Amino acid sequence: MSETRCIGVLALQGAFIEHVHHLQRCIDKFSDYDKAIRVTTVRTAQELWQCDGLVIPGGESTAMSLIAQRTNLYDDLYRFVHDPNKCIWGTCAGLIFISDNLMTQGNLINTLKLLHVTVKRNAFGRQAQSFIQKCDFSNFIDNCNDFPATFIRAPVIDEILDPENVEVLYRLDKPDCPQDGLIVAVKQNDNILATSFHPELAEDDLRFHDYFIREFILKR
Amino acid sequence: MCEFKVKAGLAQMLKGGVIMDVVTAEQAIIAEKAGACAVMALERIPADMRKSGQVCRMSDPKMIKDIMNAVSIPVMAKVRIGHFVEALILESLEVDYIDESEVLTPADWTQHIKKNGFQVPFVCGAKDLGEALRRINEGAAMIRTKGEAGTGDISEAVKHISKITGEIEEYKILLKDEDRLTLKAAELRVPVSLLKEKLEKEKLPVVNFAAGGVATPADAALLMQLGCEGIFVGSGIFKSANPEKLARAIVEATTHYNDASKLLEVSTDLGDLMGGICIESIKGSKLADIGV
(Lines give C-alpha, C1' and ligand atoms only; values in the text may rest on other atoms or scores of the structure.)
Protein backbone atom coordinates (compact mmCIF):
# COMPACT_ATOMS: atom_id res chain seq x y z
CA MET A 1 0.00 0.00 0.00
CA SER A 2 2.19 2.80 -1.23
CA GLU A 3 -0.49 5.30 -2.10
CA THR A 4 -2.58 7.16 0.45
CA ARG A 5 -5.98 8.70 -0.16
CA CYS A 6 -7.26 11.50 2.04
CA ILE A 7 -10.98 12.05 2.59
CA GLY A 8 -11.97 15.45 3.97
CA VAL A 9 -15.22 16.19 5.78
CA LEU A 10 -16.32 19.83 5.57
CA ALA A 11 -16.55 21.05 9.17
CA LEU A 12 -18.09 24.51 8.95
CA GLN A 13 -21.33 23.49 10.69
CA GLY A 14 -23.44 20.36 11.09
CA ALA A 15 -23.03 16.63 11.67
CA PHE A 16 -19.46 16.30 10.41
CA ILE A 17 -18.09 14.19 13.28
CA GLU A 18 -20.58 11.42 12.48
CA HIS A 19 -19.12 11.15 8.94
CA VAL A 20 -15.56 11.19 10.29
CA HIS A 21 -16.41 8.35 12.70
CA HIS A 22 -18.17 6.24 10.06
CA LEU A 23 -15.32 6.63 7.57
CA GLN A 24 -12.73 5.87 10.25
CA ARG A 25 -14.64 2.76 11.34
CA CYS A 26 -14.68 1.55 7.71
CA ILE A 27 -10.92 2.04 7.50
CA ASP A 28 -10.41 0.14 10.78
CA LYS A 29 -12.79 -2.66 9.84
CA PHE A 30 -12.13 -3.44 6.18
CA SER A 31 -8.64 -4.75 5.57
CA ASP A 32 -9.07 -5.24 1.83
CA TYR A 33 -8.89 -1.60 0.73
CA ASP A 34 -6.02 -1.48 -1.77
CA LYS A 35 -4.81 1.97 -0.70
CA ALA A 36 -4.23 3.50 2.71
CA ILE A 37 -6.92 6.02 3.60
CA ARG A 38 -6.98 8.83 6.12
CA VAL A 39 -9.80 11.11 7.18
CA THR A 40 -9.59 14.76 8.19
CA THR A 41 -11.92 17.66 9.00
CA VAL A 42 -11.79 20.66 6.65
CA ARG A 43 -12.24 24.26 7.81
CA THR A 44 -9.56 26.03 5.75
CA ALA A 45 -8.25 26.06 2.17
CA GLN A 46 -4.97 24.44 3.26
CA GLU A 47 -6.84 21.52 4.81
CA LEU A 48 -9.05 21.23 1.73
CA TRP A 49 -6.28 20.95 -0.84
CA GLN A 50 -4.69 18.01 1.01
CA CYS A 51 -7.76 15.92 0.19
CA ASP A 52 -8.66 13.59 -2.69
CA GLY A 53 -12.33 13.55 -1.80
CA LEU A 54 -14.73 15.70 0.19
CA VAL A 55 -17.87 14.85 2.13
CA ILE A 56 -20.23 17.79 2.63
CA PRO A 57 -22.33 16.82 5.67
CA GLY A 58 -25.83 17.51 6.89
CA GLY A 59 -26.45 20.69 8.80
CA GLU A 60 -28.18 23.92 7.88
CA SER A 61 -27.47 24.75 4.26
CA THR A 62 -27.90 28.51 4.81
CA ALA A 63 -25.43 28.51 7.71
CA MET A 64 -22.92 26.37 5.81
CA SER A 65 -23.09 28.47 2.64
CA LEU A 66 -22.88 31.80 4.48
CA ILE A 67 -19.93 30.67 6.62
CA ALA A 68 -18.11 29.40 3.50
CA GLN A 69 -18.53 32.74 1.76
CA ARG A 70 -17.52 34.85 4.74
CA THR A 71 -14.45 32.86 5.59
CA ASN A 72 -13.26 33.05 1.96
CA LEU A 73 -13.47 29.30 1.56
CA TYR A 74 -16.16 29.42 -1.13
CA ASP A 75 -13.81 30.01 -4.11
CA ASP A 76 -11.51 27.17 -3.09
CA LEU A 77 -14.48 24.88 -2.48
CA TYR A 78 -15.84 25.77 -5.91
CA ARG A 79 -12.55 24.93 -7.66
CA PHE A 80 -12.06 21.79 -5.58
CA VAL A 81 -15.46 20.23 -6.22
CA HIS A 82 -15.30 21.07 -9.96
CA ASP A 83 -11.98 19.23 -10.33
CA PRO A 84 -12.97 15.92 -12.01
CA ASN A 85 -10.13 14.15 -10.18
CA LYS A 86 -11.82 14.73 -6.82
CA CYS A 87 -14.68 12.68 -5.37
CA ILE A 88 -17.53 14.58 -3.76
CA TRP A 89 -20.41 13.34 -1.60
CA GLY A 90 -23.14 15.65 -0.31
CA THR A 91 -25.69 14.49 2.30
CA CYS A 92 -28.87 16.50 2.98
CA ALA A 93 -27.61 20.09 3.38
CA GLY A 94 -24.54 18.92 1.46
CA LEU A 95 -26.77 17.89 -1.45
CA ILE A 96 -28.38 21.35 -1.41
CA PHE A 97 -24.96 23.04 -1.29
CA ILE A 98 -23.59 21.24 -4.39
CA SER A 99 -26.70 21.58 -6.58
CA ASP A 100 -27.11 23.79 -9.63
CA ASN A 101 -30.50 25.10 -8.76
CA LEU A 102 -32.83 25.49 -5.75
CA MET A 103 -36.59 25.54 -6.11
CA THR A 104 -37.54 27.16 -2.85
CA GLN A 105 -36.18 29.53 -0.23
CA GLY A 106 -32.80 29.68 -1.82
CA ASN A 107 -31.87 33.36 -1.86
CA LEU A 108 -29.38 33.10 1.02
CA ILE A 109 -27.58 30.08 -0.36
CA ASN A 110 -24.88 30.46 -2.97
CA THR A 111 -24.55 26.86 -4.13
CA LEU A 112 -21.44 25.29 -5.64
CA LYS A 113 -23.29 24.55 -8.92
CA LEU A 114 -21.75 21.14 -9.36
CA LEU A 115 -24.64 18.68 -9.47
CA HIS A 116 -26.97 19.23 -12.43
CA VAL A 117 -30.27 18.99 -10.60
CA THR A 118 -32.98 21.19 -9.11
CA VAL A 119 -33.44 20.62 -5.39
CA LYS A 120 -36.48 21.28 -3.26
CA ARG A 121 -35.49 22.17 0.32
CA ASN A 122 -37.53 20.87 3.28
CA ALA A 123 -39.48 18.86 0.74
CA PHE A 124 -41.30 16.74 3.32
CA GLY A 125 -42.09 19.67 5.62
CA ARG A 126 -40.82 20.53 9.07
CA GLN A 127 -39.25 18.36 11.80
CA ALA A 128 -42.71 16.87 12.50
CA GLN A 129 -42.46 15.16 9.09
CA SER A 130 -38.95 13.75 9.59
CA PHE A 131 -38.72 9.95 9.45
CA ILE A 132 -36.60 6.80 9.19
CA GLN A 133 -37.26 4.27 6.46
CA LYS A 134 -35.66 0.97 5.52
CA CYS A 135 -34.54 1.29 1.90
CA ASP A 136 -33.49 -1.30 -0.68
CA PHE A 137 -30.21 -0.05 -2.22
CA SER A 138 -29.24 -3.45 -3.64
CA ASN A 139 -29.29 -2.12 -7.22
CA PHE A 140 -26.09 -0.19 -6.44
CA ILE A 141 -24.78 -1.65 -3.14
CA ASP A 142 -24.44 -5.44 -3.02
CA ASN A 143 -26.88 -7.13 -0.64
CA CYS A 144 -27.96 -3.81 0.87
CA ASN A 145 -31.71 -4.24 0.84
CA ASP A 146 -32.58 -2.92 4.31
CA PHE A 147 -30.61 0.27 4.91
CA PRO A 148 -32.10 2.49 7.66
CA ALA A 149 -32.23 5.89 5.94
CA THR A 150 -32.90 8.89 8.20
CA PHE A 151 -34.63 11.87 6.58
CA ILE A 152 -34.47 15.04 8.70
CA ARG A 153 -36.20 18.11 7.24
CA ALA A 154 -34.84 16.55 4.09
CA PRO A 155 -34.55 17.96 0.58
CA VAL A 156 -35.39 15.95 -2.55
CA ILE A 157 -34.21 16.15 -6.14
CA ASP A 158 -37.11 17.64 -8.02
CA GLU A 159 -35.62 17.59 -11.50
CA ILE A 160 -32.56 16.21 -13.21
CA LEU A 161 -31.17 18.84 -15.54
CA ASP A 162 -28.56 16.65 -17.26
CA PRO A 163 -29.96 13.12 -17.66
CA GLU A 164 -26.91 12.01 -19.67
CA ASN A 165 -24.56 12.42 -16.73
CA VAL A 166 -26.80 12.21 -13.68
CA GLU A 167 -28.00 8.73 -12.76
CA VAL A 168 -30.86 8.15 -10.32
CA LEU A 169 -29.70 5.67 -7.71
CA TYR A 170 -32.83 5.55 -5.61
CA ARG A 171 -36.43 6.73 -5.65
CA LEU A 172 -38.38 6.67 -2.41
CA ASP A 173 -40.60 3.63 -2.08
CA LYS A 174 -43.62 4.82 -0.10
CA PRO A 175 -46.69 3.30 -1.69
CA ASP A 176 -49.90 5.31 -1.31
CA CYS A 177 -47.96 8.35 -0.15
CA PRO A 178 -47.60 11.63 -2.06
CA GLN A 179 -43.83 11.22 -1.60
CA ASP A 180 -43.70 7.88 -3.43
CA GLY A 181 -41.13 7.97 -6.23
CA LEU A 182 -39.24 11.08 -5.12
CA ILE A 183 -35.54 11.03 -6.03
CA VAL A 184 -33.37 10.85 -2.91
CA ALA A 185 -30.01 9.50 -4.18
CA VAL A 186 -28.10 10.25 -7.39
CA LYS A 187 -24.66 9.90 -8.92
CA GLN A 188 -23.10 12.23 -11.49
CA ASN A 189 -20.36 10.93 -13.77
CA ASP A 190 -18.30 8.58 -11.65
CA ASN A 191 -17.08 10.98 -9.01
CA ILE A 192 -20.09 12.75 -7.49
CA LEU A 193 -22.60 11.23 -5.06
CA ALA A 194 -25.58 12.95 -3.43
CA THR A 195 -28.15 11.71 -0.89
CA SER A 196 -31.01 13.54 0.76
CA PHE A 197 -30.86 11.25 3.80
CA HIS A 198 -28.17 10.66 6.46
CA PRO A 199 -26.18 7.40 6.20
CA GLU A 200 -23.91 8.80 8.94
CA LEU A 201 -26.80 8.49 11.42
CA ALA A 202 -27.23 4.76 10.74
CA GLU A 203 -25.54 3.50 13.89
CA ASP A 204 -23.30 0.47 13.34
CA ASP A 205 -24.24 0.35 9.65
CA LEU A 206 -21.19 1.19 7.57
CA ARG A 207 -22.45 -0.06 4.21
CA PHE A 208 -23.05 3.32 2.61
CA HIS A 209 -19.70 4.77 3.66
CA ASP A 210 -17.95 1.58 2.53
CA TYR A 211 -19.67 2.01 -0.85
CA PHE A 212 -18.42 5.60 -1.14
CA ILE A 213 -14.87 4.52 -0.32
CA ARG A 214 -14.85 1.52 -2.71
CA GLU A 215 -16.77 2.92 -5.65
CA PHE A 216 -15.53 6.49 -5.56
CA ILE A 217 -12.39 7.14 -3.49
CA LEU A 218 -10.51 3.92 -4.39
CA LYS A 219 -11.43 4.06 -8.07
CA ARG A 220 -9.74 7.38 -8.73
CA MET B 1 -36.19 4.05 19.71
CA CYS B 2 -36.46 4.68 16.01
CA GLU B 3 -38.45 7.80 16.71
CA PHE B 4 -35.95 9.07 19.27
CA LYS B 5 -33.23 8.90 16.60
CA VAL B 6 -35.23 11.24 14.42
CA LYS B 7 -35.61 13.68 17.33
CA ALA B 8 -31.95 13.54 18.38
CA GLY B 9 -30.91 13.62 14.71
CA LEU B 10 -32.08 17.19 14.20
CA ALA B 11 -29.94 18.29 17.15
CA GLN B 12 -26.98 16.54 15.49
CA MET B 13 -27.56 18.66 12.38
CA LEU B 14 -27.47 21.83 14.50
CA LYS B 15 -24.01 21.08 15.90
CA GLY B 16 -21.25 23.58 15.37
CA GLY B 17 -23.95 26.18 14.94
CA VAL B 18 -25.53 29.10 16.76
CA ILE B 19 -29.19 29.25 17.84
CA MET B 20 -30.39 32.81 18.39
CA ASP B 21 -33.26 34.20 20.49
CA VAL B 22 -35.55 36.38 18.37
CA VAL B 23 -38.73 38.26 19.27
CA THR B 24 -39.92 39.29 15.78
CA ALA B 25 -39.88 37.95 12.23
CA GLU B 26 -37.47 40.79 11.32
CA GLN B 27 -34.99 39.62 13.95
CA ALA B 28 -35.39 36.03 12.75
CA ILE B 29 -34.44 37.13 9.23
CA ILE B 30 -31.38 38.97 10.58
CA ALA B 31 -30.40 35.81 12.49
CA GLU B 32 -30.83 33.58 9.44
CA LYS B 33 -28.79 35.97 7.28
CA ALA B 34 -26.06 35.98 9.92
CA GLY B 35 -25.78 32.19 9.58
CA ALA B 36 -27.79 31.00 12.61
CA CYS B 37 -28.58 27.28 12.35
CA ALA B 38 -31.93 27.79 14.14
CA VAL B 39 -33.87 30.47 16.00
CA MET B 40 -35.67 30.46 19.34
CA ALA B 41 -38.94 32.37 18.99
CA LEU B 42 -40.02 34.18 22.16
CA GLU B 43 -41.95 37.28 23.14
CA ARG B 44 -39.31 38.79 25.35
CA ILE B 45 -35.63 38.05 25.57
CA PRO B 46 -34.42 36.83 28.98
CA ALA B 47 -32.78 40.17 29.86
CA ASP B 48 -36.17 41.87 29.62
CA MET B 49 -37.97 39.03 31.41
CA ARG B 50 -35.56 39.36 34.32
CA LYS B 51 -36.30 43.05 34.64
CA SER B 52 -40.08 42.65 34.36
CA GLY B 53 -40.62 40.53 37.44
CA GLN B 54 -43.80 39.22 35.76
CA VAL B 55 -44.94 35.66 35.05
CA CYS B 56 -43.36 34.53 31.80
CA ARG B 57 -45.29 32.00 29.69
CA MET B 58 -45.22 30.36 26.28
CA SER B 59 -45.30 32.98 23.50
CA ASP B 60 -48.42 33.64 21.45
CA PRO B 61 -48.55 30.98 18.69
CA LYS B 62 -49.31 33.71 16.16
CA MET B 63 -45.96 35.33 16.80
CA ILE B 64 -44.19 31.94 16.59
CA LYS B 65 -46.05 31.12 13.36
CA ASP B 66 -44.97 34.45 11.81
CA ILE B 67 -41.37 33.54 12.56
CA MET B 68 -41.83 30.00 11.17
CA ASN B 69 -43.11 31.54 7.94
CA ALA B 70 -40.31 34.11 7.74
CA VAL B 71 -37.28 31.78 7.78
CA SER B 72 -36.28 28.41 6.33
CA ILE B 73 -34.12 27.32 9.29
CA PRO B 74 -35.61 25.33 12.22
CA VAL B 75 -37.68 27.28 14.74
CA MET B 76 -37.71 26.44 18.45
CA ALA B 77 -40.01 27.84 21.14
CA LYS B 78 -40.12 27.72 24.93
CA VAL B 79 -42.65 26.23 27.32
CA ARG B 80 -42.76 26.49 31.09
CA ILE B 81 -41.23 23.62 33.09
CA GLY B 82 -43.90 20.97 33.63
CA HIS B 83 -46.49 22.69 31.41
CA PHE B 84 -47.36 19.80 29.13
CA VAL B 85 -50.37 21.59 27.67
CA GLU B 86 -48.22 24.43 26.36
CA ALA B 87 -46.08 21.67 24.84
CA LEU B 88 -49.10 20.01 23.22
CA ILE B 89 -50.04 23.37 21.70
CA LEU B 90 -46.56 23.92 20.26
CA GLU B 91 -46.45 20.34 18.99
CA SER B 92 -49.70 21.01 17.20
CA LEU B 93 -48.19 24.18 15.73
CA GLU B 94 -45.31 21.97 14.45
CA VAL B 95 -42.41 23.94 15.86
CA ASP B 96 -39.21 22.04 15.20
CA TYR B 97 -37.98 21.89 18.83
CA ILE B 98 -39.44 22.75 22.24
CA ASP B 99 -37.27 24.22 24.99
CA GLU B 100 -38.67 23.29 28.41
CA SER B 101 -37.06 26.29 29.98
CA GLU B 102 -36.23 27.61 33.44
CA VAL B 103 -36.18 31.09 31.87
CA LEU B 104 -39.99 31.04 31.94
CA THR B 105 -41.88 30.82 35.22
CA PRO B 106 -42.28 27.12 36.11
CA ALA B 107 -45.78 25.64 35.98
CA ASP B 108 -44.72 22.69 38.13
CA TRP B 109 -41.98 22.94 40.76
CA THR B 110 -41.75 19.19 41.30
CA GLN B 111 -41.97 17.54 37.88
CA HIS B 112 -40.82 18.14 34.34
CA ILE B 113 -42.85 17.22 31.25
CA LYS B 114 -42.83 13.51 30.34
CA LYS B 115 -41.23 14.14 26.99
CA ASN B 116 -41.04 10.55 25.71
CA GLY B 117 -44.69 10.66 24.70
CA PHE B 118 -44.26 13.59 22.34
CA GLN B 119 -43.41 13.48 18.62
CA VAL B 120 -41.73 16.87 18.80
CA PRO B 121 -38.18 16.86 20.20
CA PHE B 122 -37.29 18.71 23.41
CA VAL B 123 -34.18 20.52 24.62
CA CYS B 124 -33.74 21.01 28.39
CA GLY B 125 -31.27 22.83 30.61
CA ALA B 126 -28.89 21.09 32.99
CA LYS B 127 -26.28 22.28 35.45
CA ASP B 128 -24.81 18.88 36.32
CA LEU B 129 -24.68 15.30 35.11
CA GLY B 130 -27.59 14.04 37.19
CA GLU B 131 -29.89 16.76 35.91
CA ALA B 132 -28.84 16.11 32.29
CA LEU B 133 -29.50 12.37 32.65
CA ARG B 134 -32.86 12.92 34.38
CA ARG B 135 -33.98 15.09 31.47
CA ILE B 136 -32.72 12.55 28.91
CA ASN B 137 -34.52 9.80 30.79
CA GLU B 138 -37.73 11.84 30.51
CA GLY B 139 -37.18 12.03 26.76
CA ALA B 140 -35.11 15.18 26.10
CA ALA B 141 -33.29 14.78 22.76
CA MET B 142 -30.85 17.64 23.36
CA ILE B 143 -29.28 19.22 26.45
CA ARG B 144 -27.98 22.73 27.05
CA THR B 145 -26.12 24.15 29.99
CA LYS B 146 -28.37 26.37 32.06
CA GLY B 147 -25.96 29.25 32.42
CA GLU B 148 -27.62 32.39 33.73
CA ALA B 149 -29.84 33.70 30.96
CA GLY B 150 -30.24 37.43 30.44
CA THR B 151 -27.09 38.44 32.30
CA GLY B 152 -24.32 38.49 29.70
CA ASP B 153 -22.20 36.80 32.38
CA ILE B 154 -20.64 33.59 31.06
CA SER B 155 -19.41 32.18 34.37
CA GLU B 156 -22.45 30.01 35.16
CA ALA B 157 -22.40 28.33 31.72
CA VAL B 158 -18.69 27.63 32.20
CA LYS B 159 -19.40 26.19 35.64
CA HIS B 160 -22.10 23.87 34.30
CA ILE B 161 -20.16 22.45 31.34
CA SER B 162 -17.08 21.97 33.51
CA LYS B 163 -19.19 20.21 36.13
CA ILE B 164 -20.73 17.83 33.59
CA THR B 165 -17.36 17.02 32.00
CA GLY B 166 -15.73 16.66 35.43
CA GLU B 167 -18.42 14.31 36.70
CA ILE B 168 -18.01 12.01 33.68
CA GLU B 169 -14.28 11.75 34.53
CA GLU B 170 -14.95 11.34 38.23
CA TYR B 171 -17.59 8.61 37.95
CA LYS B 172 -15.82 6.56 35.26
CA ILE B 173 -14.09 4.55 37.98
CA LEU B 174 -17.53 3.36 39.14
CA LEU B 175 -17.79 1.29 35.95
CA LYS B 176 -15.53 -1.23 37.69
CA ASP B 177 -17.83 -1.48 40.72
CA GLU B 178 -21.46 -2.47 40.03
CA ASP B 179 -22.62 -1.74 43.59
CA ARG B 180 -21.26 1.77 43.72
CA LEU B 181 -22.56 2.44 40.21
CA THR B 182 -26.04 1.38 41.35
CA LEU B 183 -25.81 3.65 44.39
CA LYS B 184 -24.68 6.58 42.26
CA ALA B 185 -27.52 6.01 39.81
CA ALA B 186 -29.97 6.02 42.71
CA GLU B 187 -28.43 9.23 44.06
CA LEU B 188 -28.76 10.89 40.65
CA ARG B 189 -32.29 9.43 40.29
CA VAL B 190 -31.59 7.80 36.90
CA PRO B 191 -31.57 4.18 35.62
CA VAL B 192 -28.25 2.37 36.06
CA SER B 193 -28.20 1.44 32.37
CA LEU B 194 -28.36 5.11 31.30
CA LEU B 195 -25.55 6.14 33.65
CA LYS B 196 -23.44 3.18 32.53
CA GLU B 197 -23.92 3.86 28.83
CA LYS B 198 -23.00 7.46 29.27
CA LEU B 199 -19.86 6.76 31.29
CA GLU B 200 -18.74 4.15 28.77
CA LYS B 201 -19.14 6.56 25.87
CA GLU B 202 -17.54 9.34 27.92
CA LYS B 203 -20.11 11.83 26.71
CA LEU B 204 -23.81 12.57 26.97
CA PRO B 205 -25.92 10.35 24.70
CA VAL B 206 -27.45 13.44 23.10
CA VAL B 207 -26.06 16.71 21.74
CA ASN B 208 -24.99 19.24 24.39
CA PHE B 209 -25.10 22.98 23.63
CA ALA B 210 -24.00 25.96 25.71
CA ALA B 211 -26.53 28.54 26.84
CA GLY B 212 -26.92 31.40 29.25
CA GLY B 213 -24.77 34.52 29.29
CA VAL B 214 -23.05 34.29 25.89
CA ALA B 215 -22.36 37.89 24.80
CA THR B 216 -19.19 37.84 22.67
CA PRO B 217 -17.49 35.70 19.99
CA ALA B 218 -14.85 34.84 22.60
CA ASP B 219 -17.57 33.55 24.97
CA ALA B 220 -18.85 31.23 22.23
CA ALA B 221 -15.36 29.93 21.42
CA LEU B 222 -14.61 29.42 25.14
CA LEU B 223 -17.62 27.15 25.58
CA MET B 224 -16.83 25.25 22.36
CA GLN B 225 -13.27 24.68 23.60
CA LEU B 226 -14.67 23.41 26.90
CA GLY B 227 -16.57 20.73 24.97
CA CYS B 228 -19.98 22.18 24.08
CA GLU B 229 -21.22 21.19 20.63
CA GLY B 230 -22.94 24.45 19.71
CA ILE B 231 -24.21 27.72 21.17
CA PHE B 232 -27.47 29.37 22.17
CA VAL B 233 -27.30 33.17 22.27
CA GLY B 234 -30.13 34.99 23.96
CA SER B 235 -30.09 38.62 24.93
CA GLY B 236 -26.48 39.19 23.87
CA ILE B 237 -27.12 39.85 20.18
CA PHE B 238 -30.11 42.13 20.08
CA LYS B 239 -28.96 44.05 23.20
CA SER B 240 -25.77 45.10 21.41
CA ALA B 241 -25.10 48.18 19.27
CA ASN B 242 -24.64 46.23 16.04
CA PRO B 243 -26.66 42.98 16.16
CA GLU B 244 -25.97 41.92 12.56
CA LYS B 245 -22.23 42.22 12.90
CA LEU B 246 -22.14 40.58 16.34
CA ALA B 247 -24.38 37.72 15.18
CA ARG B 248 -22.07 37.00 12.24
CA ALA B 249 -19.01 37.22 14.48
CA ILE B 250 -20.45 34.70 16.96
CA VAL B 251 -21.30 32.30 14.10
CA GLU B 252 -17.75 32.48 12.76
CA ALA B 253 -16.22 32.14 16.22
CA THR B 254 -18.28 28.98 16.77
CA THR B 255 -16.91 27.40 13.56
CA HIS B 256 -13.30 28.54 14.09
CA TYR B 257 -13.26 28.20 17.89
CA ASN B 258 -9.71 26.83 17.85
CA ASP B 259 -8.21 29.44 15.52
CA ALA B 260 -6.88 32.40 17.53
CA SER B 261 -6.16 34.62 14.53
CA LYS B 262 -9.70 34.12 13.24
CA LEU B 263 -11.07 34.89 16.72
CA LEU B 264 -9.01 38.09 16.83
CA GLU B 265 -10.47 39.16 13.50
CA VAL B 266 -14.10 38.54 14.47
CA SER B 267 -13.72 40.03 17.97
CA THR B 268 -12.49 43.37 16.65
CA ASP B 269 -14.60 46.53 16.37
CA LEU B 270 -17.98 45.12 17.37
CA GLY B 271 -19.24 48.34 18.98
CA ASP B 272 -21.01 48.41 22.35
CA LEU B 273 -21.81 44.96 23.68
CA MET B 274 -24.54 44.00 26.09
CA GLY B 275 -23.81 45.71 29.42
CA GLY B 276 -25.16 42.83 31.43
CA ILE B 277 -25.46 42.09 35.11
CA CYS B 278 -22.70 40.20 36.85
CA ILE B 279 -23.77 37.05 38.67
CA GLU B 280 -22.58 38.29 42.07
CA SER B 281 -24.93 41.26 41.94
CA ILE B 282 -28.05 39.11 41.52
CA LYS B 283 -30.29 39.22 44.57
CA GLY B 284 -32.66 36.36 45.20
CA SER B 285 -32.59 33.07 43.38
CA LYS B 286 -30.80 32.30 40.15
CA LEU B 287 -32.64 30.87 37.14
CA ALA B 288 -30.23 27.94 37.11
CA ASP B 289 -31.59 26.82 40.48
CA ILE B 290 -35.03 26.29 38.93
CA GLY B 291 -35.81 22.71 37.93
CA VAL B 292 -35.47 19.38 39.71
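This is a predicted model: local features need pLDDT of at least 70, side-chain atom pairs count only at pLDDT 80 or more; totals for chains, interfaces and linings use all residues.
Let's start with the largest nonpolar core, which has 89 residues. Leu54(A) and Ile64(B) touch the most other members. The top contributor is α12(B), giving 6 residues.

What does Ile64(B) touch, leaving out residues up to four places away in sequence? Ala41(B), Ser59(B), Val75(B), Ala77(B), Leu90(B), Leu93(B) and Val95(B).

Next, helix α2 of chain B, residues 25–34. Its buried residues include Ala25(B), Ala28(B) and Ala31(B), and also Gln27(B) and Glu32(B). The buried residues of α2(B) pack against α3 of chain A. In chain B they pack against β1, β2, α4, α11 and α12. After the helix comes Gly35(B), with a positive phi near 105°.

Now the rings. Over all chains there are 23 aromatic pairs. Take Phe137(A) and Phe147(A). Their centres are 5.8 Å apart and their planes sit at 40°, so the pair is tilted. Phe137(A) is in the loop between β7 and β8 of chain A and Phe147(A) is in strand β8, so the pair ties together parts 10 residues apart in sequence. Both are buried.

Phe140(A) and Phe208(A) pair edge-to-face, at 6.0 Å between centres and 75° between planes. Phe140(A) is in the β7–β8 loop and Phe208(A) in helix α6 of chain A, 68 residues apart. Buried or exposed? Phe140(A) has 14% relative accessibility, so it counts as buried. Phe208(A), at 0%, is buried too.

Last, charges over rings. Lys174(A) has its charged end over the ring of Phe131(A), 4.2 Å from the centre. Arg214(A) lies over the face of Phe30(A), at 5.3 Å from the ring centre.

Definitions and conventions:
Residues are numbered from 1 along each chain as its sequence is written. Chains are lettered from A and ligands numbered from 1 in the order in which they are written. Side-chain values use heavy atoms; hydrogens and water are left out. Buried means under 20% relative accessible area, exposed over 50%, partly exposed in between (1.4 Å probe, protein chains only). Helices (H or I, at least four residues) and strands (E, at least two) are DSSP runs, numbered from the N terminus. Contact means heavy atoms within 4.5 Å. A nonpolar core is a set of buried Ala, Val, Leu, Ile, Met, Phe, Trp, Tyr and Cys residues joined through side-chain atoms within 4.5 Å. Rings of Phe, Tyr and Trp (its six-membered ring) pair if their centres lie within 6.5 Å; planes under 30 degrees apart count as stacked, over 60 as edge-to-face and the rest as tilted. A charge sits over a ring if NZ of Lys or CZ of Arg is within 6 Å of the ring centre and within 35 degrees of the ring normal.
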